[in-house]
Structures are given as C-alpha cells and as structure tokens.
Amino acid sequence: MKRIDSRPIPDNKEEIRSFLIVRNEALRLPSTLRHHRSLGVHRFFVLDNGSTDGTLDYVLAQPDVHVFSTTERYSQSHCGIVWTNELLNSFGAGHWTLTIDADEQFIYPHYEQISLPIFCNYLDEVGADIVPCLLLDMYSDAPIEDTIHDPGGSLLETCGYFDREPYQLTRIIEPPYLEIHGGVRERMFQQVQALHPPRISKASLVRWRPEAQFLSSTHTLSYSAANIAPMLATLFHFKFLSDFHERV
C-alpha cells in the first residue's frame, strides 16, 4: 500500500474520518461522498485497488480525500480487512471513524436535523464507542438491468425501495454483540436451502482505538470493553444498479 496524494493531514482529534476500499466505483462513489459530506464527515481516506474506470482520477481530484493505492489481491488481504485495519490504526486512532463501502450511505436517528459531529458528541456524552447498523438493501421499481443511475445524481432517488420485513436479530459474543438477517436477499433466495442468509448488520461508526481491529468485514470487531450505543443506525446499501450482473 502506498499513499499517492500529498495533502496535509492535520492532527485534529475532533475530525470525523471516513475510510473506504474501492475498485471501479465511479458510478456510486460521487453520491456516497456527497452524502457523507452533507452529514459532516471532515476527511476521507480511500484505498484504490486497481480501478480502471476513472475512480482513481476522481478521488485524486477531491480536496478532502487522501488517496492510497495497492495492486495486491483483495483476497490476500482477507477481503480488505488487513488494509482497512492498517489505515484505521494509522489515521483513525482517537477519532470517530466511519468505515463504509462505496455503495453504502450511513444514516442515524434524526440525521435530517442533527449533524454527524453533534451526534458523535452525544455518543461521547453517553459513553458509547460503537454504533450498530442495519445494512438495508435498496432497490428501484424497475428490473435491476433497467435501474440506470447517473453518477451526478442521488443513489437514494435511483433506488428508493426496501423490504420492510422480516428481519431477525440474534446476540453474538463479539462487538457489536448483535447479528441481523433478513431483507430482500433472504426473501429472494430463501428457496435455495444451501445458502445461509446473508448477515446484514455492521459496526461502521466506531470511536477507534489503536488496539481495535475489524475481524469480518465491518460486521464484527475486536474492541475491549466496548460500549454499544443504545440505538440502531442504518446503512443504505445500493448494490442493485444496472451494472449488478456484470459485477457479479
């Protein structure tokens, strides 16, 4: 992994920092960055893994993005976890950090009125370290192959629908101490008995400590004496655009 931008990184623990691993995300990334800027994310750390669609040029042109690059295989980094933990420990320690994919957009209770910095101040006041999230698959009212998205537009306007139910929550022993299954993917594939329902819970917003590390994507993490926020946030998940079949 090497850093390829030269922008200064201030030593300011009040900054909320977002971390992303990307590969060929020019279709989704502009909307995702705009959304999180509007919430109040101060700075983004993006690792590009060999994009060929203009993603790298795009992020290099963004004044609030620090850009890293690697040509290593994604699978050899335990699906990006090694890279993610390295970036978080280098640039996220002591900060509220938001670790997301390019097709995920974070929201929380009253996000329309309360900025992310104010929300994180509240989390500090109640002693919370981690906010559990429901990964909510979004889709349009058209077939997937006809769900055309303009990179300059809003992903939420392109895909404004989701399954209201059912969702099942179970307790686990690792932070964030819960696991959620359900939603559209379980509904569509429930007849395939060999498939385990996909896990749709994450811990994306974390007050990062140097000894912390994600264990399985951002679904679980190692975090001693973690205090979980008394709420559930959401990650809008925009997987089902017209490029879905080709990407799969």
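In this predicted model, the side chains of Glu 15 and Arg 17 come together in a salt bridge, with 3.0 Å between N and O. Both partners, Glu 15 and Arg 17, are buried.

A second salt bridge joins Arg 37 to Asp 64, and here the closest N and O atoms are 2.7 Å apart. Arg 37 belongs to helix α1, which spans residues 29-39, whereas Asp 64 sits in the loop between α2 (55-60) and β4 (65-69); the pair therefore ties together parts that are 27 residues apart in sequence. The two partners fall into separate accessibility classes. Arg 37 has a relative accessible area of 27% and is partly exposed, while Asp 64, with a relative accessible area of 16%, is buried; the classes follow because buried means under 20%.

Of the 11 residues of α1, 8 are buried, so the helix is largely enclosed by the rest of the structure. The buried residues of α1 are Leu 29, Pro 30, Ser 31, Thr 32, Leu 33, His 35, His 36 and Leu 39. After α1 comes Gly 40, which has a positive phi, near 125°.

Two further examples of charged contacts may be considered. Arg 209 and Glu 211 form a salt bridge in which the closest N and O atoms are 3.9 Å apart; this pair counts because the cut-off is a distance within 4 Å. Arg 209 is partly exposed, at 22% relative accessibility, and Glu 211 is likewise partly exposed, with a relative accessible area of 48%. Elsewhere, salt bridges link Glu 25, Arg 28, Asp 243 and Arg 247 in a network.

What does a search of the whole structure find for disulfides? The number found is 0. Cys 120 is in no disulfide, and the nearest cysteine sulfur, which belongs to Cys 133, is 11 Å away.

Definitions and conventions: Residues numbered from 1 in each chain as written. Predicted model: local features only at pLDDT ≥ 70, side-chain atom pairs only at ≥ 80, totals over all residues. Heavy atoms only, no water. Buried < 20%, exposed > 50% of the residue type's maximum accessible area, 1.4 Å probe, protein only. Helix = DSSP H or I, 4+ residues; strand = E, 2+ residues; numbered from the N terminus. Disulfide = S-S within 2.5 Å.
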